[in-house]
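Visitor: Hi, I'm new to this one. Could you walk me through it?

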Amino acid sequence: MNDMPKFDRRSFLVGVAAAGGGLSLGFNTFGSDALAAEATPEVNAWVVVKPDDSVVIRVVRPDMGQGSLTGLSQLVAEELECDWNKVSTEYPTPGQNLARKRVWGAMNSTGSQAIRQSQEYVRKGGAAARMMLMQAAANEWKVPVEELAVSKGVITHKKSGKKTTYGKVAEAAAKLEPPKDIKLKSPKDWTIAGKSPKRFDTRNKVTGKHMFGIDTKLPGMLVASVRDCPVNGGKVKSFDASKVEGMRGVKKVVAVGETGVAVVADTFWNAKQACYALPIEWDVGSNGNVSSASIAEFLKEGLTAEKAFIGNKQGDAPAAIAGAARKIEATYSYPFQNHACMEPMNATALWTENECKVWAPTQNAEAALAEVIATSGLPAPKCDVIKTELGGGFGRRGRTDFVRQAVQIAKQMPGTPIKLIWTREEDMTHCSYHPITQCKMSAGLDDKGNVTGIHMRISGQSIIASLMPERLENGMDGATFQGLSEKSPEGAFGYNIPNILIDHAMRNTHLTAGFWRGVNANHNAIYVESFIDELAHATKTDPLEFRRKLLKPKQFAVINAAAQKAGYGKPLPKGHFHGLSSMHTFGSYVAACAEVSVENGQVRIHRIVGATNPGHAVHPGMIERQVAGSFVYGLSALFYGECTVKNGAVEQTNFDSYNVIRMDEMPKVDVIVMPDFEFWGGVGEPTISAAAPAVLNAIFAATGKRIRNFPLMNQSLA
Amino acid sequence: MATLNINGKAFQVDVDPRTPLLWVIRDSIGLTGTKYGCGIAQCGCCTVHIEGVATRSCSVPVSSAQGKKITTIEGLANGDVLSKVQKAWVDNEVPQCGYCQSGMVMAVSALLKTTPKPTDEEINSSITNICRCGTYQQVRDAIHAAAKA
């Protein structure tokens, strides 16, 4: 989500930054992480040019595979006018950012905002550096800067024939005042951005050298395995360390807050063996009675509850529906799901009385630093976080629970670096899950089949209430209405219907809800786009034509593009059917057209055409890959994604009980990237929402069966 | 004490013989290119070659790998020269986060030894590794590219 609410701790950080003029001294202890600037003076915070003309671009938004490292560098390099082949990158730490009064701005990659939320200031950073480098050359030659030209880092003065390079003037440029008036290029004139250069990090990913958090190695390091209470809200009653202290490799058994216990050993395997042999008595508390059935009942009540938060209201939908010639209703539900990042949660912490340093695969290094400061008991200048590479993130790594645990353990072993690794089982059962919801859709049709009113009642969990309740607005979670309201972050309800009511009966469960790639748009799209398809069929109208009448222009443009490329309306192989969907979310317009067959109850997706208008396309090649990949994520959720609850605990523990799509189920994906240069939208998440409803609508076309409860593996299509 | 032959080198390790080969490779020998994903041979992140056969090392006790020729992702390239599968991965820009790709590359390298020109169906039945970023389309393209190389 666009304005993913700031963590309360971040305000605290900002406060610290504003108060601490001399903080930079504190970071000298971390000499091994010195930025390139410490050897070569930086031109500005974003750009270092070395004497050999190589350029180091600073990037602070984590790249967890989505390509933001390359994309943000393209934007800086575009304005810098440097030689792309001489660019490398580095990540400042949140401690360095804090010490420099957050010169690099926000450091989170969440809500598909890494590029769109920082594009302006990183481009300005590149442009300012270019202006300073050119001014330095102009000063040296004593000519007006307007007479100079630059290309690929080579500055020329045509009149005199003089030539120099960025590397030669960088030191002088670093001493100049930064320019105030910075004009950016029109994106239509881009030569580096808007293209698809090779990303920086591929080779290390195929040779085993890409260093993920789990690969952290430090001298004298030990490894920890943790078990937190299987029931959220419960705690440890007691544990008997003596039973495992003599086991191979075991160094220490420690409590982790009130809710967990960890074993520290020489290797992960030895730590895990002892941790799972350790007798622990849990106090699961009242949540021990919760089950999937009790949660479903709780949510069902919300579908007809009188009180609900209103996210979108135009006209009087209930009256319009009550007075309609025809009334259509349908009830849907969507389960809890786990992100299941390939790299299980982990973090490495080193705590001494003087400093605390953490190496972590985090999507939000500043939130991780705030957690380290809060947990370590040390002042901010004595703490820092080194962002490692991330084995997937999908929203899960915006949280800091694993960072907190690593520090809690390390604090009990001062001076010894502790690498905490969750087992897959711990990861599966201690997630911040995709929120669980149910939804009742109602619509009124007049005697000509026009939709006169629509009422969408969502009942279920709020992510904001789970993770940052201080951001609720009079109790309401605006993010729930993602893609449904002009007021919700960057995604409006796409249909022109005279009477609209979209409301939310908040029903929070004991499981933590979290930002799960695509977030609330995932289920909102299924509810809206399935129901719109139901209305089209109820009025015997072609689903594309039905949408043509009702959809706002930008949203219709993407669904129409996907439909046309897929050959919608033209003859298909026998038994194949098309389904459509579209959504406006994360600021982007996305659509999908799925081609599906159903034989003996088995669904096969033959092809999906995705279309996206993200406003600007910085790296079209990576956008295509993000769309294809996000379809896999969304379809895994549709077919298999479900976490069920028994006795308060999540039942799925590993990929044998929480399946995902593999090669054999991967459809062919074609992607249309159609930026209109009128806004900046996100890429990594929005298209997920279009995948599932397109497939569901194709399944209906193929079978006449409308699936309204998920995942599909629980439903019969035979 | 177990003796392991990994990437052409001999390593002596003092571990419980039931320790999974994965954790010996990662923690005792320090080759971290081989990844932990599930521990139950479901995801394939930990795939190595044992006598040329793609094997999920999380579910092989180190005792049964003794004396056998083991290859990890670090042993696939010849110095700086990438194997043809690695090269196809780079040319097709397969990886997103990259965490599963060591296992993918190892699984595909073994497949192409026994099946030099795999069909899509053969790929589907042989390559069952999980990629949560969803790079399967690029994986397939790169397999076909490597088969042609």
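Visitor: Let's start with the open sheet in chain A: what is the order of its strands?
Guide: This is a predicted model, and in it the 3 strands of that open sheet in chain A come in the order 4-5-6, with antiparallel pairing.

Visitor: And which strands are at the edges?
Guide: Those are strand 4 (148-151) and strand 6 (162-165) of chain A, each of which pairs on one side only. On average, neighbouring strands of this sheet are turned by 25° against each other, ignoring direction.

Visitor: How many bridges join strand 5 to strand 6 in chain A?
Guide: There are 4 bridges between strand 6 and strand 5 (residues 154-157) of chain A, and the two run antiparallel. As part of this picture, H157(A) stands opposite K162(A) in strand 6 of chain A.

Visitor: Which helix lies across those strands?
Guide: Helix 4 (residues 119-141) of chain A lies across strands 4, 5 and 6 of chain A, at about 135° to strand 4.

Visitor: Switching to chain B, how is that divided?
Guide: Chain B has domain 1 (2-75) and domain 2 (84-148). Their C-alpha centres lie 21 Å apart. Domain 1 of chain B gives 15 residues to the contact, and domain 2 of chain B gives 12.

Visitor: What supplies the largest share on the domain 1 side?
Guide: Strand 3 of chain B does, with 3 residues. Strand 3 (47-50) and strand 4 (53-56) of chain B each supply at least two residues of that side.

Visitor: What kinds of residues are on that side of domain 1?
Guide: The side of domain 1 of chain B that touches domain 2 has 7 nonpolar, 7 polar and 1 charged.

How values were computed: Residues are numbered from 1 along each chain as its sequence is written. Chains are lettered from A and ligands numbered from 1 in the order in which they are written. This is a predicted model: local features need pLDDT of at least 70, side-chain atom pairs count only at pLDDT 80 or more; totals for chains, interfaces and linings use all residues. Two strands pair if DSSP finds at least two bridges between them. Axes are lines fitted to C-alpha atoms, for helices over the stretch in contact, and angles run from 0 to 180 degrees between N-to-C directions. Two residues are in contact if their C-beta atoms, placed from the backbone, lie within 7 Å. Domain bounds come from an automatic or database domain assignment. Ala, Val, Leu, Ile, Met, Phe, Trp, Tyr, Cys and Pro count as nonpolar, Asp, Glu, Lys and Arg as charged, and the others, Gly among them, as polar.
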